[in-house]
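Colleague: Please put the model on the screen, and then let us work through it by question and answer.

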Amino acid sequence: MTLVPVTYKGGIYQHDIIIDFIEDLGGYIVQKHIIAAEVVLQCFVPREDIELISRIAKPLFGEVKDSPLVGTEIAVVSMSLEIHHLPHPSCDFAEYARRIGAKTNMVSPARGPGKRISQLSDEERDVINEHDIAVIAFGNFESCIEYKWPALRRGIDVPIIVMGGPDTETLRRIIHPAADGYVGNVGRFMRRGKTEEEIGILDEIVAEVTRVIEKKREEIAKDPLSVSPARLMDLIREHVPAIHDVTSPLPSQCRWRDSGLNCRTIRLPGTYGG
Amino acid sequence: MLAIEYFEVECPEPLGAAYYKQITNDVLLDHNLLRVINKLHIFIDPKIPIFIAVGTLKKITTIVRVRDFANVNPLGDKITLVISDETYLAPMLKIFWQKYGKDRVEQPDRFTVILYKIEVDAREIEDLVVADPSESLFKDLIYAFRLIAPEGFRVRSEKFSKERFSFVASEDTLIEDLNPLIREKFALMGEKP
């Protein structure tokens, strides 16, 4: 039985029928969102039963769509959380990827911006490594990207997709050591992307992320896991209630300076180790 | 960019120059600053690294008075002001409170202000100066150029006067005498430094 990631969208009325049905078929619900009178379920279901679920969902006005990124955690690495880089284009992509089932987190190095001065700390590197894939959003200048890339990628062992202002070919040429994916023509810009071309670039990033994730899945399939991660997740949820308080992939500690510039640390509730 | 007489972005990377032209346009448009800039030349070299913006300013004499955004209607011992644009409502109320006292100024709803028992002519109220946007002009321009310049460029040197301005930024220490560089960029616009 092959489980495939899908998104179910439908009304809240009798949505528990769908949940029970998916579970009876041997599928797993990864995430459930209730937004006003609508339910969005991100789940893994047996490939051969998608048709059947669509048929059952039809009288409830529900629809089932393929979502290759369900269950994928993406770190969108923006060079800073300043207005220079947010909300466009980093948030544009983070939001777009959420719509197709991915879980995206914005990660921003404290000293990310600049060329010579750009750096990534151990803690930031560890946070990025907690994700399945990292999408690094660079700026507009190729000489800048070429210079700062080695410093930023050091220690990151998850696949990396590079987003930047120069076109894809140029990115491929200047990035050493090589990244896993490249999407060009999407550097720093300061307005909302509304045109077809701009939205097309978001699709391009999603396609590149999907390609890299599929490659990783194929590699895992060569030496299959003894238990499906979705089943393991279900079991842990059932037997270890403390899991609901775990904030991973966020760090277990939070550090900041108060108004008197004293360094303060709190341990986030329910996190272990770290 | 019709409002600007001259606008160029100079950069060794042509694609980078095109992106920065778009960014500059968006930021100036968002902050409503296109109307004050006459000429603008931006030079960016990420290899040095340096960002230079030089330009000339238009003369703006737009003092905002009460009559620009409110109708003043005297009736008996009270004067009713009907507001059409809320932008300058807060500074106007502040002036009224200072001049006439809070007990004589009432605001029953968002778009109405009533002044009670004041012995002033309605025309005098209409002519009251509420704000001078040119006061915060330099602050707004510096903020806008900080947004336009690459974020890592935090070492800055800026000169703003009534007619012209220069804004230089880098992530390294700036060279001591920036004047020849700035003069060169002014000359490109056909301006004598």
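Colleague: Which residue in S11(B) is the bridge partner of Val155(B)?

Modeller: S10(B) and strand S11 (residues 164–170) of chain B run antiparallel and are joined by 6 bridges, where strands (E, at least two residues) and helices (H or I, at least four) are DSSP runs numbered from the N terminus, and two strands pair if DSSP finds at least two bridges between them. This is a predicted model, in which local features need pLDDT of at least 70, side-chain atom pairs count only at pLDDT 80 or more, and totals for chains, interfaces and linings use all residues. Residues are numbered from 1 along each chain as its sequence is written, while chains are lettered from A and ligands numbered from 1 in the order in which they are written. The bridge partner of Val155(B) in S11(B) is Ser170(B).

Colleague: In the open sheet that 5 strands form in chain B, which strands stand at the edges?

Modeller: The order of the strands in this sheet of chain B is S1-S2-S3-S11-S10, and their pairing is mixed. Neighbouring strands are turned by 5° against each other on average, direction ignored, where the axes are lines fitted to C-alpha atoms, for helices over the stretch in contact, and angles run from 0 to 180 degrees between N-to-C directions. Each edge strand has a single partner strand, so one side of each is left without a neighbour in the sheet, and these two strands of chain B are S1 (6–10) and S10 (155–160).

Colleague: At what angle to S10(B) does helix H5 of chain B run?

Modeller: Helix H5 (residues 137–148) of chain B lies across strand S3 (50–57), S10 and S11 of chain B, where residues are in contact if their C-beta atoms, placed from the backbone, lie within 7 Å. Relative to S10(B), the helix runs at about 145°.

Colleague: How far apart are the centres of domain 1 of chain B and domain 2 of chain B?

Modeller: The domain bounds come from an automatic or database domain assignment, which for chain B gives domain 1 (6–59 + 134–188) and domain 2 (64–131). Taken over C-alpha atoms, the two centres are separated by 40 Å.

Colleague: In the open sheet of 5 strands in chain A, which strands stand at the edges?

Modeller: This sheet of chain A has the order S6-S5-S7-S8-S9, with parallel pairing. Because each edge strand has a single partner strand, one side of each is left without a neighbour in the sheet, and these strands of chain A are S6 (103–107) and S9 (181–183).

Colleague: Which residue in S9(A) is the bridge partner of Val162(A)?

Modeller: Strand S8 (residues 160–163) of chain A pairs with S9(A) in the parallel sense, over 3 bridges. The partner of Val162(A) in S9(A) is Tyr182(A).

Colleague: At roughly what angle do the axes of H3 and H7 of chain A cross?

Modeller: The contact brings Asp92(A), Phe93(A), Tyr96(A) and Ala97(A) in H3(A) together with Leu202(A), Ile205(A) and Val206(A) in H7(A). The axes of helix H3 (residues 90–99) and helix H7 (residues 196–222) of chain A come within 10 Å and cross at roughly 65°.

Colleague: Which residue in S3(A) is the bridge partner of His33(A)?

Modeller: Strand S2 (residues 28–35) of chain A runs antiparallel to S3(A), and 7 bridges join them. These two strands form a hairpin with 2 residues between them, and Ala36(A) in the turn has a positive phi of about 50°. The partner of His33(A) in S3(A) is Val40(A).

Technical notes: Contact = placed C-beta atoms within 7 Å.
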